[in-house]
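Here are a few exercises to work through with the structure open in your viewer. Try each one yourself before you read the solution.

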Amino acid sequence: MHNSTAIAVDKYNICVGDISFIIIIYNKISKKVLFYDILCYNIKKGRKMSQTNEEIDYKDEFLEIFYDNIERDGSDKLLEWLERSDFFTAPASTNRHSAFKGGLCMHSVLVYKRFVKLLENEYGKTWEKQFSKESAAIVALLHDVCKVDCYQESFKNVKDENGVWQKVPCYKFEEALPYGHGEKSVYIISSFMKLSREESMAINWHMGNADSRVKGGFYGLSSVFYAFPTALLFHIADMQATFLDETS
Ligand SMILES: [Fe+2]
Ligand SMILES: [Fe+2]
């Protein structure tokens, strides 16, 4: 493998299951690689990557799912708001899952995929009789809109391998509308379109026991999951995407 190819493979974090097209422009006289780029498709995870991992573009997939499934009154205005906001470029967290540009959109798509699998597993191929495709798309794609406009690009000092302090880019969390987490997403979505009770419950309680409202001796969450099993499935989908799909 050419040295520059090795660098490119390393940079783009290509692994088993990827089909990659590597474009290299090489200057024979100077013996230098002038340009390289990679088009990469991961069969196993269904990921399309056009640049680095930090720049994975899931926006097209998000919009496809949105347009194919959501027709509710107000959804067009909601989508316009998402476009004006940082939703499609924001990370999903400061330093945990998908803490890179576009991470929030990617997380939302991965949660949708996990949720559909869980619904199918629980209710069979005709799962949409239990929970409509529109509901599944609304809940999954929009459950974390509470994170919109919360992550600011910044720098922090970290020691490199030689013990020398270096400035590295990072995100910091600064929230203009501190309204909670799941409940904030419900609040924002409801300002554009109506949510059903079941959709509201799934979005509101998607953090499960990690929700700051859940304290020892609180059985409200069990009541939610007994009454709205799709809320439980959605919580699991959020965890699966976060801890199984977004770890690399
Ligand atoms: Fe969340
Ligand atoms: Fe989430």
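**Exercise 1.** In this predicted model, work out how the axes of α5 and helix α7 (residues 197–204) cross, and which residues make the contact.

*Solution.* Start with the axes: those of α5 and α7 come within 9 Å and cross at roughly 25°. Angles under 35 degrees count as roughly parallel, so α5 is roughly parallel to α7. Next, the hand: α5 and α7 make a right-handed crossing. Now pick out the residues. On the α5 side you'll find Ser 135, Ile 138 and Val 139, and α7 brings Glu 198, Glu 199, Ala 202 and Ile 203. Sorted by class, the α5–α7 contact has four nonpolar residues, one polar and two charged.

**Exercise 2.** Take helix α2 (residues 59–69) and helix α4 (residues 103–123), and describe how their axes cross.

*Solution.* Again, axes to begin with: α2 and α4 come within 9 Å, crossing at roughly 50°. That angle makes α2 oblique to α4. As for the hand, α2 passes α4 in a left-handed crossing. From α2, the contact draws on Lys 59, Glu 61, Phe 62 and Ile 65, while α4 supplies Cys 105, Ser 108, Val 109 and Tyr 112. Class by class, that gives five nonpolar residues, one polar and two charged.

**Exercise 3.** Now find how α2 crosses helix α5 (residues 133–142), and say which residues of α2 make the contact.

*Solution.* The α2 and α5 axes come within 9 Å and cross at roughly 145°. The crossing of α2 past α5 is left-handed. Phe 62, Ile 65, Phe 66 and Asn 69 do the work for α2, with Lys 133, Glu 134, Ala 137 and Leu 141 on α5. The class count for α2 with α5 is five nonpolar, one polar and two charged. Look back at α2: Phe 62 and Ile 65 are among its residues in the contact with α4, and they turn up in the contact with α5 too.

**Exercise 4.** Check the pLDDT of the protein chain and of residues 1–18.

*Solution.* Over residues 1–18 the pLDDT stays under 50, and the model has 25 contacts for them beyond four places in sequence. Residues 32–55 are also below 50, with 46 contacts beyond near neighbours in sequence.

Terms used: Residues are numbered from 1 along each chain as its sequence is written. Chains are lettered from A and ligands numbered from 1 in the order in which they are written. This is a predicted model: local features need pLDDT of at least 70, side-chain atom pairs count only at pLDDT 80 or more; totals for chains, interfaces and linings use all residues. pLDDT is the predictor's confidence in each residue, from 0 to 100. Two residues are in contact if their C-beta atoms, placed from the backbone, lie within 7 Å. Axes are lines fitted to C-alpha atoms, for helices over the stretch in contact, and angles run from 0 to 180 degrees between N-to-C directions. Helices (H or I, at least four residues) and strands (E, at least two) are DSSP runs, numbered from the N terminus. Angles under 35 degrees count as roughly parallel, over 145 as roughly antiparallel, 65 to 115 as roughly perpendicular and the rest as oblique. A crossing is left-handed if the near helix is turned anticlockwise from the far one by less than a right angle, and right-handed if clockwise. Ala, Val, Leu, Ile, Met, Phe, Trp, Tyr, Cys and Pro count as nonpolar, Asp, Glu, Lys and Arg as charged, and the others, Gly among them, as polar.
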